[in-house]
Amino acid sequence: MAVPARTCGASRPSPARTARSLPGRGPRPGPSACRRAAGPPRPLSLLLPPLLLLPLLAAPGASAYSFPQQHTMQHWARRLEQEIDGVMRIFGGVQQLREIYKDNRNLFEVQENEPQKLVEKVAGDIESLLDRKVQALKRLADAAENFQKAHRWQDNIKEEDILYYDAKADAELDDPESEDVERGSKASTLRLDFVEDSNFKNKVNYSYTAVQIPTDIYKGSTIILNELNWTEALENVFIENRRQDPTLLWQVFGSATGVTRYYPATPWRAPKKIDLYDVRRRPWYIQGASSPKDMVIIVDVSGSVSGLTLKLMKTSVCEMLDTLSDDDYVNVASFNEKAQPVSCFTHLVQANVRNKKVFKEAVQGMVAKGTTGYKAGFEYAFDQLQNSNITRANCNKMIMMFTDGGEDRVQDVFEKYNWPNRTVRVFTFSVGQHNYDVTPLQWMACANKGYYFEIPSIGAIRINTQEYLDVLGRPMVLAGKEAKQVQWTNVYEDALGLGLVVTGTLPVFNLTQDGPGEKKNQLILGVMGIDVALNDIKRLTPNYTLGANGYVFAIDLNGYVLLHPNLKPQTTNFREPVTLDFLDAELEDENKEEIRRSMIDGNKGHKQIRTLVKSLDERYIDEVMRNYTWVPIRSTNYSLGLVLPPYSTFYLQANLSDQILQVKYFEFLLPSSFESEGHVFIAPREYCKDLNASDNNTEFLKNFIELMEKVTPDSKQCNNFLLHNLILDTGITQQLVERVWRDQDLNTYSLLAVFAATDGGITRVFPNKAAEDWTENPEPFNASFYRRSLDNHGYVFKPPHQDALLRPLELENDTVGILVSTAVELSLGGRTLRPAVVGVKLDLEAWAEKFKVLASNRTHQDQPQKCGPSSHCEMDCEVNNEDLLCVLIDDGGFLVLSNQNHQWDQVGRFFSEVDANLMLALYNNSFYTRKESYDYQAACAPQPPGNLGSAPRGIFVPTIADFLNLAWWTSAAAWSLFQQLLYGIIYHSWFHADPAEAEGNPEVRESSCVMKQTQYYFGSVNASYNAIIDCGNCSRLFHAQRLTNTNLLFVVAEKPMCSQCEAGRLLQKETHSDGPEQCELVQRPRYRRGPHICFDYNATEDTSDCGRGASFPPSLGVLVSLQLLLLLGLPPRPQPQVHAHASRHL
């Protein structure tokens, strides 16, 4: 929607009016025009429509000078076009470089990229890679089930009986306050030596496994010690797997008890804050432990829910949401007499990161009032689950109810909605310390195949909001081999520093029986996982044969990318998967929606589309042609795609068999040749295995030269394709210096440098001294000018990047330049390709002066002539720069050149920051189109903590009346508060803890956030165009015209006459955003498919184990201690907690 360019005077001109070519303008109103606008009635002439007024203003004899006629400005535009074209023809060397390639035709071959064959080969290679991991997973899962089945449970097992490497031992030894140091339990912990392994990005020990146990689980409990005992046997299987496949990365067994055993051993990444890592809350474990879920959470917010209990409920709901993955669907509602959703979501929505964030924020706003009405809550939940008009998981269905207690069993509701089939499981949670009868809550869970849990205090939240997964795992265990299917996860951040990974998961089942003739056990023991680094998958894709703008990508059933050049999360939270949708990784359009749907459905396909792409520096938008080809990756939930521009159908492959020629060309890489041949930057690619990488290109070139003195380009340890192409392009660009650049005087045409960049990885800058100010990426494929030149015909101008918040450019020593580049297109035997880009770097100041001359009424020989009082002539950009603004703006809306000297230091800025009024008029008149999108991978600085000086966040503070009330001291509230204090010391600010802190990041880092991006690109107007910026007496005439064969817009406008005629400023700078409105997005969800398998029912399931109360009464001694602690403010020491849930007895 166009923004009106008006703050005073008449309204915006109609389309009929602005489409006309306007004649020259007559007398220029003086500075008092705006002052008169508010005075006496306006003269008749000022009341006329602007189109009728213009001929009067241009009447003969009305003025000494006038706004330039349209044909005059078109003449100036042609002069600018001719000057640019002439310089590029002389110095760019496009034609000469074509001849050089043809002269060296015997040194290379033209190869073809066949999209269908390419994508099928890569998909097959990825399938083979993952299949090796699948075989290792199956060996591990089978071994684990057999080991556990053979294991004899020991009731009297002790810590000193178990010898293992505790991954957190070193960190705890360094902590003198560690509870394990105090108890002296380190006798059971191995001390290991480690070696650095670049594959793991860590120090590892290949002879042992490591064990990680969550902080809130007592490692000396009988259950944990038995778990450590039988899982020790997995060590040999891990080692054997690595022997068979040395490329294996982390092999992990995540136990349902919370124990993690992984191989190879490495110290845990010890946090400064408390370590809350629990394998059962990891994305890969959740996905492997149960089938997809449709979950409705209902929360009792009746008046009986006290302040502390309500806080516990809010935190419990948030923790429950964290057990859901993108394969699940959820809604959250509160109830008293009536039930209502806590958020704007009126039905089940996908449990993705952004939807869960909406729920978590909405839950904090719940307020307790009214009376308890279980019937209202359950009817709402069943209605939600029966709604078949929405997208949902269509597998496990469940209701999670959080309450402080009640008497109603709502049997009539269950009879109506759930019996006799009991397709919906009901889980009930008694929250807080109270004296209510919990029998009705237990009955609800037991009568509906669910489980009853108690959450008396903070410490019980995490364990009891995740153990429902054991119940959901029952049908999987009972299904046996049918359920033993490997699933591959979304992309997520590895907790041990491996980076972005996907994980193959396989559930491990308990195969024991409770006794002779008894039913077999139906517990899931845990999940086995093997990581695959995304970088290992990327290595299977073609790197450089696809050209700078070709790429491979892959998506899963949710449409999330696991491979894509735009998958670059700036910061990651390893509690959440990295979920970047394909339509967010690229600029969304209908064609891409069709491609995405076809890929999710597992189809093959090919489609050529015209689409928009964002430049690498995210400042520009280009409209381009792309060929998309895709195939499914068999035996996985992934689909692979290939994107190729038409000009990348063919590529060059060097054939330098002549070793003498190799040596000759190689010498042009030596720094000793730079003074005469120009400076050479080489792309930092992996040319050889032993080549040391460096971010400093000079150092990298030095390392490269030293290695090439030891090996030949045909060495087996080197990538021969990359090396031969690099050396060939070194020789070809040197010939360009010899034939074109060396004999030319750059100063004659005010050039700072000339350059050439190639697909082979060479960037040659001439003369050598110009390399000191060269700031472009030495990897051409990662240089914005290179990629844009390939996608655009003609000359692409790139002004220096300037941020509005930074200081202006420093115009000293003629060091500020403007890049002008163009692609070199070859046609060889009917095959077209673009293997190089050439260009020049303009001297900003000199070309600004030249620009004024070219847009003037004089020839190069004439002296500038100012219109006198008695003469009649048109203004021009040189003489009348006090009255006339003349600029060149690029296709992104950035200032390139200006006739205003004071604007030279603003070159590179978005033009709205220079002249908001004029830029808005160009946008409103369709010279520019705006594209808005969201970056979901951005990083933002952490928000400063609020409430300084207040009590700890989330802590219930009793009133003076409570202290004086003896009944309060003997009530459960005091006991609950005591437990809260204990855990509050362990889990700093538990209720509102920052996940980045709680999960153990070494320091407060930037957090992920959403940024709104706005880019501008040329609209539909191509012709010469005159218009008025209509603002009453403050109006301005302007002329705009595209320069042929460039990405420039030539604009001539009257300078603003009065400050009152200001306009709304167009924004281009990236801004912080909450993203698109989630409440609207869920009404039109993107297409997705869930996993192909679902295990939510088994007729033999034993539902008798459905939870029992396990609360214990407070002691008088504890209450006395509490009183002293509250009065004296002394923090108590945390005690080890034993979490031996009934469902975990093996």
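Tutor: Let's start with a helix pair: H5 (residues 70-92) and H29 (residues 844-854) pack at an angle of about 140°, their axes 9 Å apart. That makes H5 oblique to H29. This is a predicted model, where local features need pLDDT of at least 70 and side-chain atom pairs count only at pLDDT 80 or more, while totals for chains, interfaces and linings use all residues. Residues are numbered from 1 along each chain as its sequence is written, and side-chain values use heavy atoms, with hydrogens and water left out.

Student: How do I read those labels and angles?

Tutor: Helices (H or I, at least four residues) and strands (E, at least two) are DSSP runs, numbered from the N terminus. Axes are lines fitted to C-alpha atoms, for helices over the stretch in contact, and angles run from 0 to 180 degrees between N-to-C directions. Under 35 degrees counts as roughly parallel, over 145 as roughly antiparallel, 65 to 115 as roughly perpendicular and the rest as oblique.

Student: Which residues of H5 and H29 meet?

Tutor: Contact means heavy atoms within 4.5 Å. On the H5 side you have Trp-76, Arg-79, Leu-80, Glu-83 and Val-87, and they meet Trp-847, Lys-850, Phe-851, Val-853 and Leu-854 in H29. Sorted by type, this contact has seven nonpolar, no polar and three charged residues. Here Ala, Val, Leu, Ile, Met, Phe, Trp, Tyr, Cys and Pro count as nonpolar, Asp, Glu, Lys and Arg as charged, and the others, Gly among them, as polar.

Student: What is the strand order in the open sheet?

Tutor: Two strands pair if DSSP finds at least two bridges between them. The open sheet has five strands in the order E33-E32-E38-E37-E36, with antiparallel pairing. E33 (895-898) and E36 (1025-1029) stand at the edges with a single partner strand each, so one side of each lacks a neighbour in the sheet. The twist averages 25° from one strand to the next. E36 pairs with E37 (residues 1036-1042) over five bridges, and Tyr-1025 stands opposite Ala-1040 in E37. H5 packs on this sheet too, touching E32 (884-890), E36, E37 and E38 (1048-1054). H29 lies across E32, E33 and E38, at about 60° to E33.

Student: Is H13 mostly covered or mostly open?

Tutor: Buried means under 20% relative accessible area, exposed over 50%, partly exposed in between (1.4 Å probe, protein chains only). H13 is mostly covered, with 13 of its 15 residues buried. The axes of H13 and H14 (residues 353-363) come within 9 Å and cross at roughly 175°. That makes H13 roughly antiparallel to H14. Lys-314, Val-317, Cys-318 and Leu-321 of H13 make the contact with Lys-356, Phe-359, Lys-360 and Val-363 of H14.
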